[in-house]
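Morning, everyone. I have a short tour of one structure today. Please have a look at it first.

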Amino acid sequence: MTTLTINGAERTLDVDPDTPLLWVLRDELRLTGTKFGCGVAQCGACTVMLNGMPRRACVTPIRTLAGADVTTIEGMSGREYDAVQAAWRALDVPQCGWCQSGQVMSATMLLQQLPAPTDQQIDEAMAGNICRCATYHRIRTAIHDAARTLEG
Amino acid sequence: MTIATSRRGFLGATSGLMIALALPLKGRAQDAPPQGAEQAVPPALAPAPVPPNAFVHIAPDDTVTVIVKHIEFGQGPLTGLATLVAEELDADWAQVRGALAHADDTLYANLAFGMQGTGGSTALGNSFLQMRGAGAAMRQMLVETAAEAWGVPAAEITVAKGRITHPSGKESGFGAFAEAAAQRPVPDNPTLKTSDQWVLIGTDLPKLDTASKTDGTAMFTLDQFPEGAQVVVIERPTSFGATVASYDDAEAAKVAGVRAIRPLPQGVAVYADNTFAALKARKALKVEWDLSAAETRTSQQIMAEASAAAREAGRTVEETGDLSGFDAPGATVIEAEYQFPYLAHAPMETLDGVVTLAEGSAEASYGCQFPGIDRAALAKTLGLPMESVRVNVLLAGGSFGRRAQGTAHFATELAEVAKAGGPGSYKLMWTREDDIRGGYYRPLSVHRMRGAIDAEGRITAWENVIANQSIMAGTAMEAMMKDGLDSSSYEGSIGLPYDFGGFRAAWRQLKTGVPVLWWRSVGSTHTALATEMFVDELLEAAGKDPVQGRLDLLKPDAARERAVIEAVRDLAGWTGKVQGDKGYGMAFAKSFGTYVAQIVELENRDGRPQVTRAWCAVDCGIPVNPNIIRAQMEGGIGFGLGAILHSQITLGENGAVQESNYDDYPSLRIHEMPQVEVTIIKSDADPTGVGEPGVPPIGPAVANAWRALTGQKTRALPMLQNPGVV
Ligand code: FES
Ligand code: FES
């Protein structure tokens with residue numbers, strides 16, 4: 001049994017303690033916005049916010065999360081998130097869409113830390129998120145656009 | 001492959017089209033999930049003639065749902081085909097939704113294939129008249145209904161932005177007349193707009209699936225949880241063609257949540273209550289494999305065999321002029337052998353599917369590119385009549401060809417899972433390791449090139465012998481092979497726009513036990529590399545500029561090729577020279593009827609090419625949605641770049657695949673993505689596809705720029721593991 005906060009609600013989960021957070025979110029809670037891409041912390045499709053920082057849910061066993069505060073894309077809000085959502089839509093960033101929850105999570109947390117990132121800072125923050133459709137060009141532009149709207 | 005664009009084709013062979021009866025469509029604004037289609041479209045069991053409602057549904061609340069017969073995995077048909085309908089219907093874009101059609105080879109045939117299917121970048125081209133016709137017919141039926149209701153002549157009615165109006169002041173949305181319009185006969189020859197009347201085609205309409213893919217609510221296969229479904233993973237052989245000799249499931253069976261462990265033709269399947277239990281139990285399985293029928297050669301051995309084969313004459317697939325240039329006095333003869341590895345598609349969503357088996361029927365839902373072939377395979381494996389099997393097509397997290405299966409291997413596996421499990425629901429999932437090691441690769445290929453240059457610096461002879469494995473042979477696609485030739489093995493190496501004097505291309509078919517498949521742009525994944533790298537080398541040897549040299553080689557009728565090459569030259573401000581620490585290279589390729597030329601700029605960073613900019617000119621006929629065209633060029637460039645820099649699948653001892661996940665089969669990452677600029681050629685030619693054609697030129701453009709900068713000639717891929725020869 002592990003008790004933690006997920007998207008603002010306290011949850012007590014009675015699952016195999018080795019279960020990665022990813023499968024708890026998806027199978028138990030049906031929070032399917034968090035995606036599976038690799039299972040080994042290579043692709044970023046499963047990125048969630050853990051105590052305010054990006055975390056790969058696929059390699060995070062539930063037993064390590066007692067008392068933790070987890071936010072998935074379903075529970076995201078705030079200025080940076082809204083700016084990212086708007087910029088993503090304005091540019092039609094997604095192609096297949098599978099990686100995009102993870103991209104949006106990483107981009108939002110980047111802007112929370114660095115309101116006006118440079119290209120290089122974007123590359124560093126986003127390098128863990130693979131997009132096989134290679135929407136990188138628009139991701140980079142969208143992050144800059146979102147940063148610009150946050151300035152005002 | 002010819003694309004049927006006859007007017008007759010627009011509603012399918014004998015079809016009619018009517019407006020849906022007030023069926024409520026689930027789903028959010030702009031984004032009806034596939035379940036919407038499932039509800040609204042008549043069951044696949046409907047007998048001939050083709051029933052109505054095939055392509056457009058209008059709900060009482062004015063929502064227009066376009067049923068899209070092609071799968072959406074990022075390449076844009078959901079938006080593209082909906083645009084065509086909305087244009088002729090005069091709908092407002094805000095009222096338009098898209099939903100994916102279920103499997104039905106009669107209703108939803110790709111007019112280029114004669115069966116339902118997505119591939120070869122044909123979605124927009126084959127639908128261009130059909131979908132516009134559907135929209136125009138619907139519009140006419142609505143107008144006639146309104147005319148009758150209002151007691152006015154139909155000719156006095158106008159439709160714009162989803163409103164039907166009459167000068168008398170009468171006005172209505174579509175929904176109010178939807179049900180009555182459904183009773184009217186379907187017009188045979190609805191009038192289509194002329195291009196000057198278009199208001200949606202040619203504009204950057206926002207994509208219908210963007211919102212749900214941005215906030216995480218888009219539903220894919222893995223997101224389906226049918227009531228009581230068990231999760232299934234399969235322990236698979238380590239060598240292609242190996243079978244289960246014996247297995248020990250004592251430890252695996254102890255894992256909490258495991259429901260069953262069963263041998264299947266594909267391996268040993270674990271059935272469990274949840275994903276983690278299935279994965280954990282699979283890890284605990286001990287399986288002995290029988291390798292007696294397996295492919296046990298290493299990829300090095302297969303490459304050596306391909307290399308030897310490419311030194312033979314091969315079967316001629318195109319020959320023009322004569323090859324005397326090779327023997328002419330004073331001629332310089334240049335040779336090169338290019339080696340291309342196996343490639344996995346590695347779409348972000350691995351193969352997965354849900355299936356429900358009931359007494360006497362089955363329903364499967366997943367992202368498949370040939371739903372009709374899959375449906376037949378499910379029926380056959382389950383011993384059910386076709387009419388009792390339904391296949392729903394869901395959004396897929398990428399494909400790049402991986403879900404276009406002439407062998408229906410995944411559908412068959414899904415059926416085996418259900419058959420062995422008995423009545424109930426199952427969710428079958430491949431892990432990334434299953435995906436990378438699972439075969440169905442872009443075939444390993446070798447090109448052996450020879451070119452002759454005469455004393456005046458003219459290219460006078462060209463020969464290319466290609467050795468690789470056929471994708472179609474041994475599959476349902478074999479019927480498309482003519483005379484034992486699989487043109488997808490060498491497409492892109494023939495019908496070139498360049499006049500080389502004498503020309504010969506030949507193919508040597510290899511046979512291996514490694515399953516192969518089309519990989520985004522298919523033959524052109526390697527033929528464009530070989531052709532455009534070699535042309536560049538010959539031009540250099542002849543002392544010519546890569547861009548002007550190509551323009552000078554073009555045949556007189558190559559106007560569209562000329563236009564894209566000139567356009568990209570101008571866009572990039574091509575000088576043909578190394579500038580500071582930056583090198584430049586160009587390449588051209590026509591694939592699937594679309595013309596693309598690209599120029600790249602790159603730097604040498606510690607011996608590795610870092611591509612900083614890419615310019616692209618594309619001619620795909622009438623540009624229906626320029627935004628999607630640009631996106632596909634950007635994505636094609638990134639996808640192709642990742643492959644030529646990083647990607648290869650290698651087989652080691654006993655033919656076991658040595659790569660397993662994104663760590664040892666790396667994908668392009670954001671810091672490797674160049675800035676991309678795209679220009680689209682204005683055209684009134686019939687539209688052609690853009691999903692694949694952005695890929696072929698990027699590889700050779702990068703290799704050519706690298707050679708210009710460093711003098712190293714690329715002879716094998718991936719570039720990062722195969723330093724070129726000097
Ligand atoms: S699924 Fe977690 S990083 Fe890929
Ligand atoms: S949008 Fe397809 S993987 Fe990123």
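**Pockets, cavities and strands in chain B**

Let's start with open space. The second largest pocket has a volume of about 760 Å³. A word on terms. On a 1 Å grid over the protein atoms alone, a pocket is an open set of points with protein on both sides within 12 Å along at least five of seven lines, while a cavity is a set where a 1.4 Å probe fits but cannot get out. Lining residues have an atom within 4 Å of a point. Grid points are joined across faces, edges and corners, and volume is the space filled by probe spheres set on the points.

Before going on, the ground rules. This is a predicted model, where local features need pLDDT of at least 70 and side-chain atom pairs count only at pLDDT 80 or more, while totals for chains, interfaces and linings use all residues. Residues are numbered from 1 along each chain as its sequence is written, chains are lettered from A and ligands numbered from 1 in the order in which they are written, and side-chain values use heavy atoms, with hydrogens and water left out.

Back to that pocket. Its lining has 30 residues, and Arg236(B), Pro237(B), Phe240(B), Gln266(B) and Gly438(B) lie nearest the centre. The lining counts 12 nonpolar, 11 polar and seven charged residues. Here nonpolar is Ala, Val, Leu, Ile, Met, Phe, Trp, Tyr, Cys and Pro; charged is Asp, Glu, Lys and Arg; the others, Gly among them, are polar.

Where does the pocket sit? Domain 2 (222-292 + 351-429) and domain 3 (321-343 + 440-710) of chain B both give residues to its lining, so the second largest pocket lies between them. Domain bounds come from an automatic or database domain assignment. That assignment also gives chain B a domain 1 (7-210). The centres of domain 1 and domain 3 of chain B, taken over C-alpha atoms, are 38 Å apart. Even so, 21 residues of domain 1 of chain B are in contact with 17 residues of domain 3 of chain B, contact meaning heavy atoms within 4.5 Å.

Strand S7 (230-235) of chain B is among the elements that supply at least two residues each to the pocket lining. Helices (H or I, at least four residues) and strands (E, at least two) are DSSP runs, numbered from the N terminus. Is S7(B) mostly covered or mostly open? Covered: five of its six residues are buried, that is, under 20% relative accessible area with a 1.4 Å probe, protein chains only.

Now its partners. Two strands pair if DSSP finds at least two bridges between them. S7(B) pairs with strand S17 (residues 424-429) of chain B in the parallel sense, over three bridges. Val232(B) has Leu428(B) as its bridge partner there. With strand S10 (residues 267-272) of chain B, S7(B) runs antiparallel, joined by five bridges. Val231(B) stands opposite Ala272(B) in S10(B).

The whole structure holds seven cavities of 30 Å³ or more. The largest cavity has a volume of about 130 Å³. It is lined by 16 residues, and closest to its centre are Thr525(B), Leu529(B), Gly640(B), Ala643(B) and Ile644(B). Helices H12 (524-541), H15 (626-646) and H16 (698-710) of chain B each supply at least two lining residues. The lining of this cavity divides into 11 nonpolar, four polar and one charged.

One last stop: Leu323(B). Its place is in the loop between strand S12 (315-320) and strand S13 (332-340) of chain B. Gly502(B) is 179 residues away along the chain, yet the C-alpha atoms of Leu323(B) and Gly502(B) are separated by 4.7 Å. That's the tour. Thank you.

Notes:
Buried < 20%, exposed > 50% of the residue type's maximum accessible area, 1.4 Å probe, protein only.
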